[in-house]
Amino acid sequence: MVAIGARQPSVSGRSFFDIPRYPGAVVTPRRVLNLYRNRWETLHLRETLRSYPIKLTVEPSNACNLRCPACLTGVGERGRDTRPLAVDLFERLLAEIGDSLFQVEFTNWGEPLLAKEFPTLVRAASRRGLSTTTSTNLSLPFDRERAEALVASGLHVLGVSIDGARQETYEQYRIRGDLETVLRNCRLLTEAKRRLGSTTPTLVWEFHVFPHNLADVELAKTMAAELGMEISVSKGWVVGPEWKSADDLQFYLGNPQPFPCLFLWQFAVVNNDGGVAPCCGAFYREDDMGTLAARAGDAGAPSFRTVWNGPRFREARRLYRDRAGASAATRSRICHDCPVTVLWEQWREHLAAGGAPEAFHVGITFNDGFNYFWNRRPHGAER
């Protein structure tokens, strides 16, 4: 799941015209025009948008083979029916918004490689000149043929979640995972890249740090280098109070910053069943902003734009102008009490009272944002 309320660069002044550096993305006039229009609409808090998002997160499969304790899928919550993303739905989505996007991220709450059509999905995005990325536990059956298919798909970045350099530490979070299997599969991918003469995907060892695996960080860096992988080390989120130690400061991300929610203006999330979520933190279908037809002829919104400018998205964007005046129905929805929304309201009130920007106190952490989504259960959601 993407960092909630992550520190974002300013999109005012000269940086307004900066082109995002998504690996492998082909920059076209249409994408640049949509980008600038999107940024203008974000800065002006427009409720109805002419622009499309610049990044799309899709869920190839919402099933998972592991039981990670800080993942709603891992602990057995049922957010929506379990099924793979239909290729037809994804191709229709790309036909509408693909020429405006810069990147497609193929992962959210499930294990993407459980979707048999995963390489097909990636190829569809790659053919349109889009940056493609995913994150996998890679602790699953894998062979030379699958490795070559993944490399040949055009995937640009493959993150592998490996939270430990020894089985006894790795399995404390990646429950049911087998470290030796993961490392063997990483080697298969490296060998497949060499055979096919491909520089992609870039393999990234994603190490989430917890108290139990702090001692493994340096060993993991060495192992990653030996495997030809980059490594990304970040502090792991936990249910409840954030863990603290003298050694965790080097992994500190900083605090969230007041900024209009990127998922309401710039990013989009489409789930395996066609549900369009308000953000990557929303797990339950009851929180969806609308639903796209999973297959041609099925019931659902006729287009992505219908949902993107539908009543749910518009009311969520309206919160950034007037949260206090929200209706009872709006207050019950996921965006109203989201820490990102609340932080923006507090920021506006601080400035309106004459407060200096540098004197503003951010009273939440990224872990608080994670816990908001973890603890939320919309009315009618099933276990």
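Which residue with a positive phi follows α12? The residue is G354, and its phi is near 90 degrees. The model discussed here is predicted.

Helix α12 itself covers residues 339–352, 14 residues in total. From first C-alpha to last, α12 reaches 20 Å, close to the 20 Å expected at 1.5 Å a residue. Its buried residues are P339, V340, T341, L343, W344, E345, W347 and H350. These buried residues pack against α13 (366–375).

Two helix pairs can be set side by side. Two packed helices are described by the angle between their axes and the distance between the axes.

| Helix pair | Angle between axes | Axis distance |
|---|---|---|
| α2 (residues 87–97) and α3 (residues 118–126) | roughly 10 degrees | within 10 Å |
| α4 (residues 144–152) and α6 (residues 179–196) | about 60 degrees | 9 Å |

The axes of α2 and α3 cross at roughly 10 degrees, which makes α2 roughly parallel to α3. On the α2 side the contact uses V87, F90 and L94, and on the α3 side T120, L121, A124 and A125. By class, the residues of this contact are six nonpolar, one polar and no charged.

For α4 and α6 the angle is about 60 degrees, and α4 is therefore oblique to α6. The crossing of α4 and α6 is right-handed. From α4, the residues R144, A147, E148, L150, V151 and A152 take part, meeting L188, L189, A192, K193, R195 and L196 of α6. The contact of α4 with α6 holds eight nonpolar and four charged residues, with no polar ones.

Conventions: Residues are numbered from 1 along each chain as its sequence is written. This is a predicted model: local features need pLDDT of at least 70, side-chain atom pairs count only at pLDDT 80 or more; totals for chains, interfaces and linings use all residues. Side-chain values use heavy atoms; hydrogens and water are left out. Helices (H or I, at least four residues) and strands (E, at least two) are DSSP runs, numbered from the N terminus. The expected span of a helix is 1.5 Å times one less than its number of residues. Buried means under 20% relative accessible area, exposed over 50%, partly exposed in between (1.4 Å probe, protein chains only). Contact means heavy atoms within 4.5 Å. Axes are lines fitted to C-alpha atoms, for helices over the stretch in contact, and angles run from 0 to 180 degrees between N-to-C directions. Angles under 35 degrees count as roughly parallel, over 145 as roughly antiparallel, 65 to 115 as roughly perpendicular and the rest as oblique. Ala, Val, Leu, Ile, Met, Phe, Trp, Tyr, Cys and Pro count as nonpolar, Asp, Glu, Lys and Arg as charged, and the others, Gly among them, as polar. A crossing is left-handed if the near helix is turned anticlockwise from the far one by less than a right angle, and right-handed if clockwise.
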